[in-house]
Amino acid sequence: MASPRLRYGRYSRSGNVYSLTTATHSRAPLFADAANVAVLVDTLRFIERSGFSRSFTWVVMPDHLHWLMELQKGTLAQCMAVLKSRSSRLLNRQLGRKGPLWQHGYHDHAVRTDESLHEKAMYILANPVRAGLAGELGEYPHAWCRWPL
């Protein structure tokens, strides 16, 4: 099923692996606070428990999320809607605020079958190193990977 939030010509299919990036509204560094990160991580785990996805890796940067996952059911648009609405509701309640938490839309990349999932995961995990938030892989506290580093 096509989604207007996907790039032109891209289709969301169960069983496909996607690399997703979504940013906070106005790039606010809401996830510089570990308590806020915990809410987002709980939401990622909720989505997996609900059967929407199988996560391979994720990195919560101060103002955005990188997520490598396999879509299990529904569409990417539905999965991202659950991620954004649940995390927004919980974080707004926790922070005593109202209004949007996330920018509209997200960036998606369908991982081709010839691409290495492990290499893609390592690339995502290296984001905090490239941003100067960590000195080496495995040092950044707000990252997770299915495979050992």
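Reply: Let's start with a charge over a ring: Arg130 lies over the face of Tyr123, at 4.1 Å from the ring centre. To count, NZ of Lys or CZ of Arg must be within 6 Å of the ring centre and within 35 degrees of the ring normal. Arg86 does likewise with Phe46, its charged end sitting 3.7 Å from the ring's centre.

Before going on: this is a predicted model, where local features need pLDDT of at least 70 and side-chain atom pairs pLDDT 80 or more, while totals for chains, interfaces and linings use all residues. Numbering runs from 1 along each chain as its sequence is written, and side-chain values use heavy atoms, without hydrogens or water.

Now ring against ring. Rings of Phe, Tyr and Trp (its six-membered ring) pair if their centres lie within 6.5 Å, with planes under 30 degrees apart called stacked, over 60 edge-to-face and the rest tilted. That gives three aromatic pairs. Trp58 and Trp144 have centres 6.2 Å apart and planes at 25°, so they're stacked. This pair ties together distant parts of the chain, 86 residues apart: Trp58 is in strand E2 (residues 53–60) and Trp144 in strand E5 (residues 143–145). Strands are DSSP runs of E, at least two residues, numbered from the N terminus.

How covered are the two? Trp58 is buried at 6% relative accessibility, whereas Trp144 is partly exposed at 28%. Buried means under 20% relative accessible area, exposed over 50% and partly exposed in between, using a 1.4 Å probe and protein chains only.

Note on methods. Helices (H or I, at least four residues) and strands (E, at least two) are DSSP runs, numbered from the N terminus.
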